[in-house]
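Hi,

Here is the structure I promised to pass on. Have a look at it first, and my notes on pockets and helix packing follow below.

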Amino acid sequence: MSLVDRAKNIILKPKEEWPVIAAEPATVGGLFTGYAAILALIPLVTNILFVGLLGIGAMGMGGAAAGGMTFIAATAVIGYFIGLGLLWLVAFIVNAIAPSFNGKQDMVQATKLMVYAATPTWVAGLVSWIPILGMLVAFAAIAYVVYLIYLGVNPVLSVPEDKVAGMTVVTVLIYIVASLVIGAIIAAAVMTMFFSGAMMGGGL
């Protein structure tokens with residue numbers, strides 16, 4: 001199945017697509033290089049193009065002026081790799097806790113769940129640069145990711161129906177906590193790097 005068809009199916013008819021995903025052969029590496037790493041380029045490119053070059057952001061104009069092209073491009077690239085790493089980390093944790101919800105422990109299946117459920121957030125990157133609309137679509141995409149996880153936990157990880165809600169809540173909480181911690185660390189590192197560079201440049 002092509003990447004476009006998979007993305008379209010998981011968004012438009014997830015109930016039918018999850019069992020197909022659960023049954024097909026895959027590898028962790030293949031799921032990232034053949035799907036996640038490609039779709040994750042959408043928000044990367046749109047951030048650099050529209051926010052960095054044109055200065056258009058979800059909150060309005062002035063993106064380039066506010067941070068500078070170099071800063072925006074660097075944070076977009078860093079965010080790209082960190083986002084993929086975070087996805088792997090959450091899949092790893094989900095795989096570890098699956099037996100606690102009577103699900104099966106299988107890293108490939110856990111990776112399928114997280115990678116394909118993340119599809120709406122990457123596709124939303126197509127309009128993330130549009131003022132106001134981009135922000136609304138981003139929030140809707142996040143909500144839809146939660147719904148996709150809820151639908152996928154049973155067919156992909158074999159979690160019993162009576163434990164699906166609990167597994168979904170825990171998975172979402174894990175992702176939120178990991179995102180906040182890693183996001184804070186990266187933000188601090190990026191700000192330190194650029195402010196240090198600016199101070200050195202000013203001193204010179």
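**Pockets and helix packing**

The biggest share of the second largest pocket's lining comes from α3, which gives 4 residues. Before going on, note that this is a predicted model, where local features need pLDDT of at least 70 and side-chain atom pairs count only at pLDDT 80 or more, while totals for chains, interfaces and linings use all residues. Residues are numbered from 1 along each chain as its sequence is written, and side-chain values use heavy atoms, with hydrogens and water left out.

Some terms: helices are DSSP runs (H or I, at least four residues), numbered from the N terminus. A pocket, on a 1 Å grid over the protein atoms alone, is an open set of points where a 1.4 Å probe fits, with protein on both sides within 12 Å along at least five of seven lines; lining residues have an atom within 4 Å of a point. A volume is the space filled by probe spheres set on the points, which are joined across faces, edges and corners.

Back to that second largest pocket: its volume is about 160 Å³. Both α1 (3-12) and α3 (28-39) supply at least two residues of its lining. Among the lining residues are Met-1, Arg-6, Glu-24 and Tyr-116. By class, the lining has 7 nonpolar, 3 polar and 2 charged residues (Ala, Val, Leu, Ile, Met, Phe, Trp, Tyr, Cys and Pro count as nonpolar, Asp, Glu, Lys and Arg as charged, the others, Gly among them, as polar).

The largest pocket comes to about 1400 Å³. It is lined by 39 residues, and Gly-79, Gly-83, Thr-121, Trp-122 and Tyr-175 are the closest to its centre.

Now the packing. The axes of α3 and α7 (lines fitted to C-alpha atoms over the stretch in contact, with angles from 0 to 180 degrees between N-to-C directions) come within 9 Å and cross at roughly 20°. α3 is therefore roughly parallel to α7 (angles under 35 degrees count as such). Contact (heavy atoms within 4.5 Å) involves Leu-31 and Tyr-35 of α3 and Tyr-116 of α7, among others. That contact has 9 nonpolar, 1 polar and 1 charged residues.

Notes:
Angles under 35 degrees count as roughly parallel, over 145 as roughly antiparallel, 65 to 115 as roughly perpendicular and the rest as oblique.
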